[in-house]
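Welcome, and please open your viewer.

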Amino acid sequence: MEIKIQSIHFDATEKLQAFVEKKVAKLEKTYEDIRNVEIQMKVVKPATALNKETSLTVLVPGGTLHVEKTCDTFEEGVDQCVDAMKVQLTKFKEKLRDR
């Protein structure tokens, strides 16, 4: 599984990158055949609350799954994205089983 982290309008710290990689690695427990994961973290309107957009895109054989969240911190956004992606991966896995 290849993990690609993009930080738009800011520089991601090593601590944040390590946090993201640790959280995203847990997705493999839900679905083993993940090929590629892309995380985009973007600061929108720096002066406002809820200004951190996090989007998570997962490439799996037969499809691409996408989740986007807006939160106060990137850590919170990554947590929510990973949780939502686990749900999508579980549904995707069940659909494959039905075929």
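Is Ser55 buried or exposed? Keep in mind that this is a predicted model. Select Ser55: its relative accessibility is 8%, so it counts as buried, the cut-off being under 20%. Ser55 sits in strand β3, which covers residues 52-60. Now show what surrounds Ser55. Beyond its neighbours within four places in sequence, Ser55 is in contact with Glu38, Ile39, Gln40, His66, Val67 and Glu68.

**Strand β3 and its partners**

Seven of its nine residues are buried, so the strand is largely enclosed by the rest of the structure. Which strands pair with β3? On one pairing, β2 and β3 are antiparallel and share eight bridges. Pick Lys42 and you will find Glu53 of β3 opposite. The other pairing is with β4: β3 and β4 also run antiparallel, joined by nine bridges. Here, select Leu59 and then Thr64, its bridge partner in β4. Follow the chain around the hairpin of β3 and β4, where two residues lie between the strands. Stop at Gly62, which takes a positive phi near 95°.

In soluble globular proteins, nonpolar side chains tend to be buried together. To see this model's largest nonpolar core, which has 24 residues, begin with Leu27, Leu56, Val58 and Leu89, the members that touch the most others. The elements that give two or more residues to this core are α1 (14-25), β2 (36-43), β3, β4 (63-71) and α3 (74-98). Which element gives the most? The answer is α3, with seven residues.

Now centre the view on Leu27. Not counting residues up to four places away in sequence, Leu27 touches Ile34, Leu56, Val58, Val82, Met85, Lys86 and Leu89.

**Along helix α3**

Turn next to α3 itself. The helix has 25 residues and reaches 36 Å from its first C-alpha to its last, close to the 36 Å expected at 1.5 Å a residue. Show the side chains of Phe74, Gly77, Val78, Cys81, Val82, Met85, Leu89 and Phe92, which are buried. What do the buried residues of α3 pack against? Bring up α1, α2, β2, β3 and β4 to see their packing partners.

**Two aromatic pairs**

How many aromatic pairs does a search of the whole structure find? It finds two. For one of them, select Phe10 and Phe74: this pair is stacked, at 4.6 Å centre to centre with 15° between the planes. Phe10 belongs to the loop between β1 (2-8) and α1, and Phe74 to helix α3, so the pair ties together parts that are 64 residues apart in sequence. Both Phe10 and Phe74 are buried.

Then move to Tyr31 and Phe92. Their ring centres are 5.8 Å apart and their planes meet at 75°, so this pair is edge-to-face, a label that needs an angle over 60 degrees. Tyr31 is in the loop between α2 (27-30) and β2, whereas Phe92 is in helix α3, so the pair links parts 61 residues apart in sequence. Tyr31 and Phe92 are both buried.

Lys52 lies over the face of the Phe74 ring, at 5.9 Å from the ring centre.

Methods: Residues numbered from 1 in each chain as written. Predicted model: local features only at pLDDT ≥ 70, side-chain atom pairs only at ≥ 80, totals over all residues. Heavy atoms only, no water. Helix = DSSP H or I, 4+ residues; strand = E, 2+ residues; numbered from the N terminus. Buried < 20%, exposed > 50% of the residue type's maximum accessible area, 1.4 Å probe, protein only. Contact = heavy atoms within 4.5 Å. Core = buried A, V, L, I, M, F, W, Y, C linked by side-chain atoms within 4.5 Å. Phe/Tyr/Trp six-rings, centres within 6.5 Å; stacked < 30°, edge-to-face > 60°. Lys NZ or Arg CZ within 6 Å of the ring centre and 35° of its normal. Pairing = 2+ DSSP bridges. Expected span 1.5 Å × (residues − 1).
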